[in-house]
Amino acid sequence: MTVRLWPRRLAGQMALLLAIALFVAQAISFTLLLRERRSLQLEQTSGPAIARLNDAIERAASGKPLPPDRGRVRASANNPIRPDLPRVKEVEALIRDGLAETGHPVVRVVTGVRPFNPEDFDWPRRRGDRRRIPAEELLIAVERKGGGWLVTRSFWPHDGLFLVWRLIAQTLILYGVILLPVLWIGRRISRPLRDLTRAAEGFDPREKGEPMPEQGPLDVSALIAAFNALRLRIGAMLEEKDRMLGAIGHDLRTPLAALRVRIESVEDEQDRLRMADTIAEMNKTLEDILSLARVGRPSEAETDVDLNALVDAVVADFHDLGQDVSFEERGRLRLKLRPSLMRRAVRNLIENAVKYGHCADVRIDALPDRIAIIVADRGPGIAVDQLETVFDPFIRLEHSRNRDTGGIGLGLALARSIVREAGGDIRLANRPEGGLAATITLPR
């Protein structure tokens, strides 16, 4: 299972980006704080140590030897710092440079961090440290040029973990103070966008509907206003298209009817029949074009239909024409459909099967969630890469279909548009035993 780390909602993306920015800012701030504290720690450790060592060197030069068992700076014949103790190179460099600047160069400076041992020798502490026992101490040993070592030690704070927890606490507080309002603001900003998405998904050009309230930020409200204006323009365009189609249908049907009357005066019967067939084909083509253009804005209301009886009535029409069409009847199958349009879709599929396969076998498969109307023929079939292309308007496959069968390639396009408007779909598939199967799938 794929884990989605990047949120899909606008409010979630805003909150995540802000959280990342806050974390990066906190990390940079923490790094700078650690560097500043480190620099201050080195200065507070090396400064007093340089002063004490200078004082001890001057006292030794004036003939006052340093005792090995007491005092802030003690003398030692050998290096008292074990080699396994962690060293602090920065302190060594600062002390070496500081002693050289005061005119007391040394051979070597060695440091070592160890746990605090109060029994070693008296621990000199500042006023702020009197009630605080350090966890670690820094031993500093200096080898003089004349021989011998000077040893002192300093408080070595160890509060890195405390700083980490403080950073975490600050980050959580910032998240609570900033991210919660950002999430609330993001949800308020994205709510009009969600409403706009639902309105766009449910947009039906057949229904006027109410305009969406223009709310939210200026950019969002402007987008909603543009959507409302677009709905009005689409509705006006569709109404204009319907009026235009009605006028075209009326203007074309009238001269076709006049031609149909005039051909009755043609004496040659063969010519008269040929002309009548041409006019009938023109009428059918006109009806297909008008029907395809009106899909999506049908004037017919949905009614409760017995699908089995609807298909049986279409098949009966082909029987009356002497066509080889078989139908396996089933029980009553009630669906809410536009019956005239669905009859047109089934009729177009059967016509294709009869034209190109010389027969049609029709059956209905009732499944729990859908109903399938299958129209099969025994024709040449269609190339696999053309099974979707034939649904495009005005597409005819001359290399696999006989041009003498007529038609202009609107039957399948009209059938799929009708079925999809009803919530279903049409698929074509070549049959293993030969021929083509067209399947209308409708949701129950």
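1. Overall content. The model is predicted. The protein has 8 helices and 11 strands. Of its 444 residues, 35% count as buried. The exposed surface comes to about 27,000 Å², with carbon and sulfur atoms supplying 56% of it. Counting contacts between residues at least 6 apart in sequence, 65% join residues at least 24 apart.

2. The sheet. An open, mixed sheet is formed by 5 strands, in the order β6-β8-β9-β11-β10. Its edges are β6 (325-328) and β10 (425-430), each of which pairs on one side only. On average, and ignoring direction, neighbouring strands here are turned by 20° against each other.

3. The β8-β9 pair. Within this part of the model, β8 (residues 360-366) and β9 (residues 370-376) run antiparallel and are joined over 6 bridges.

4. Helix α7 (residues 339-357) lies across β6, β8, β9, β10 and β11 (436-443), and it runs at about 30° to β9. Helix α8 (residues 411-421) lies across β10 and β11, at about 135° to β10.

5. The α7-α8 crossing. The axes of α7 and α8 come within 9 Å and cross at roughly 145°. On the α7 side, the contact is made by L341, M342, R344, A345, N348, L349 and N352; on the α8 side, by G411, L412, L414, A415, I418 and V419. By class, the contact comprises 9 nonpolar, 3 polar and 1 charged residues.

6. R231. This residue is found in helix α4 (residues 218-262). Is R231 buried or exposed? The cut-off for buried is under 20% relative accessible area. R231 has a relative accessible area of 17%, so R231 counts as buried. Apart from neighbours within four places in sequence, R231 is in contact with F203, E207, K208, G209 and E210.

Terms used:
Residues numbered from 1 in each chain as written. Predicted model: local features only at pLDDT ≥ 70, side-chain atom pairs only at ≥ 80, totals over all residues. Heavy atoms only, no water. Helix = DSSP H or I, 4+ residues; strand = E, 2+ residues; numbered from the N terminus. Buried < 20%, exposed > 50% of the residue type's maximum accessible area, 1.4 Å probe, protein only. Contact = heavy atoms within 4.5 Å. Areas by Shrake-Rupley, 256 points an atom, 1.4 Å probe, with all protein chains shown as cover. Pairing = 2+ DSSP bridges. Axes fitted to C-alpha atoms, helices over the stretch in contact; angles between N-to-C directions. Nonpolar A, V, L, I, M, F, W, Y, C, P; charged D, E, K, R; others polar.
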